[in-house]
Structure formats: C-alpha cells, structure tokens
Amino acid sequence: VKLGESAMSIRYGTLVWCAGIKPHPFVSDFGFAMNDKGSQILVDPFLKVKGEKNIYAIGDCATIEDYWLPQTAQVANQQGQYLAKALGMDESKTKPFEFHNKGTMAYLGGLTAIMANLPGVSRITGFVAFLGWRFTYWFLQLSMRNRFMLVTDWLRTFIFGRDLTRFGPRSKPT
C-alpha cells in the first residue's frame with residue numbers, strides 16, 4: 001500500500017477484489033494474458049489465469065476464454081462459490097465453471113423496474129417488478145443488520161429524497 005511517499009505491506013490470507021468495468025492499473029499492468037480489448041484477464045474454464053500456475057481471477061477483472069459472461073454480481077457470486085469449492089477439492093475431480101442464469105433485474109427509477117428471463121416468467125415490468133426487485137435485493141443481504149439498514153435507507157430516501165451530498169476530493173475523469 002502506498003500512502004503519499006511511504007509504502008508498506010499488509011499481510012493477508014484472503015484477498016477480495018472489487019472493481020468497475022474499466023480495469024484498474026493493477027490488473028492491466030500486472031502482465032497477465034489479457035482479452036483482445038486489454039480490459040480483462042484471460043482465464044481457463046477452471047478460472048486459472050492463462051499461463052500461470054495457482055493464480056485465479058474472477059469477477060469483472062476476468063473473462064473465460066471463448067466463454068464470455070456479463071459483468072454482473074450474479075456471475076461474480078457464482079464464480080466465487082465455484083472457486084471456494086474447487087480450492088478445497090482434488091484438482092483432477094474439478095469440473096469447469098458453468099454459469100447458470102437466474103434472471104435479470106434492473107431498477108428503472110421511481111417505482112418501476114424490470115425483471116426478465118426468470119425461471120417460469122419471461123418478463124415483468126412496472127410496480128410489480130419494482131416490488132420483486134426490492135424483495136430480491138433485500139433477501140440477498142447476508143445479515144439482518146444489513147436488511148434493517150437497507151429498509152431504513154429506502155424509507156429515508158422515500159421520505160426525504162436522494163441525498164446528493166459528497167465528501168472528499170472530486171473525482172477526475174480519466
């Protein structure tokens with residue numbers, strides 16, 4: 001970690017990397033095999049970085065060669081679950097990663113949303129989809145504390161509107 005002019009190391013056992021669609025210089029400058037656009041690390045069907053031994057990449061920063069997947073939380077979550085199981089198994093018994101689409105949801109603003117490609121349902125829009133989106137988002141929280149905080153935030157936003165206050169330095173376009 002570099003803080004100003006000083007640098008220090010932080011020991012860790014597990015590294016969780018979260019990034020947006022544009023690759024962080026850490027990812028793009030590391031020297032791993034990248035896709036044609038240079039935006040994602042190429043991995044094999046077992047999520048191992050191409051040309052490397054015992055180095056894995058998942059989520060937005062990685063793409064399986066010849067098996068493009070959307071950069072969504074659903075994909076990253078399934079990859080994380082797969083990798084957690086695979087690391088605890090004998091390598092010869094591990095099957096390639098396979099994505100199972102559980103549907104697509106998007107909030108459209110106000111009290112409207114869209115839910116599509118759900119098991120048994122082709123498409124739902126409007127207020128019913130909004131309720132489905134909110135319930136699913138709430139249900140996927142990992143603790144009751146997070147669920148409570150989420151509902152509290154939704155209620156505060158409904159009553160007072162969205163808070164647009166910003167702290168810290170302004171972001172700079174790259």
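Modeller: Happy to. On a 1 Å grid over the protein atoms alone, a cavity is a set of points where a 1.4 Å probe fits but cannot get out, and lining residues have an atom within 4 Å of a point. This is a predicted model, where local features need pLDDT of at least 70, side-chain atom pairs count only at pLDDT 80 or more, and totals for chains, interfaces and linings use all residues. Residues are numbered from 1 along each chain as its sequence is written, and side-chain values use heavy atoms, with hydrogens and water left out.

Biologist: Thanks! How many cavities of 30 Å³ or more does the structure hold?

Modeller: Two. The largest cavity has a volume of about 70 Å³, a volume being the space filled by probe spheres set on the points, which are joined across faces, edges and corners.

Biologist: And which residues line the largest cavity?

Modeller: The lining includes Gln 40, Asp 60, Ile 64, Leu 69 and Val 75. Strand S4 (62-64) and helix H2 (73-87) are the elements that give two or more residues to that lining; helices (H or I, at least four residues) and strands (E, at least two) are DSSP runs, numbered from the N terminus. S4 gives the most, with three residues.

Biologist: Let's switch to the rings. How many aromatic pairs are there?

Modeller: The structure holds 10 aromatic pairs. Rings of Phe, Tyr and Trp (its six-membered ring) pair if their centres lie within 6.5 Å; planes under 30 degrees apart count as stacked, over 60 as edge-to-face and the rest as tilted. Take Tyr 107 and Phe 130: their ring centres are 6.0 Å apart and their planes at 45°, so this pair is tilted. Tyr 107 is in strand S5 (residues 104-109) and Phe 130 in helix H3 (residues 127-139), 23 residues apart.

Biologist: Is Phe 130 buried or exposed?

Modeller: Phe 130 is buried, at 7% relative accessibility, where buried means under 20% relative accessible area, exposed over 50%, partly exposed in between (1.4 Å probe, protein chains only). Tyr 107 is partly exposed at 31%.

Biologist: Why is the pair of Tyr 107 and Trp 133 called stacked?

Modeller: Because their planes are at 20°, with the ring centres 5.2 Å apart. Trp 133 is buried, with a relative accessible area of 16%.

Biologist: Which charged end sits over the ring of Trp 154?

Modeller: That of Arg 134, 4.1 Å from the ring centre. The rule is that NZ of Lys or CZ of Arg is within 6 Å of the ring centre and within 35 degrees of the ring normal. Likewise, Arg 147 has its charged end over the ring of Trp 138, 4.7 Å from its centre.

Note on methods:
1 Å grid on protein atoms, 1.4 Å probe; cavity = no way out; pocket = protein on both sides within 12 Å on 5 of 7 lines; lining within 4 Å.
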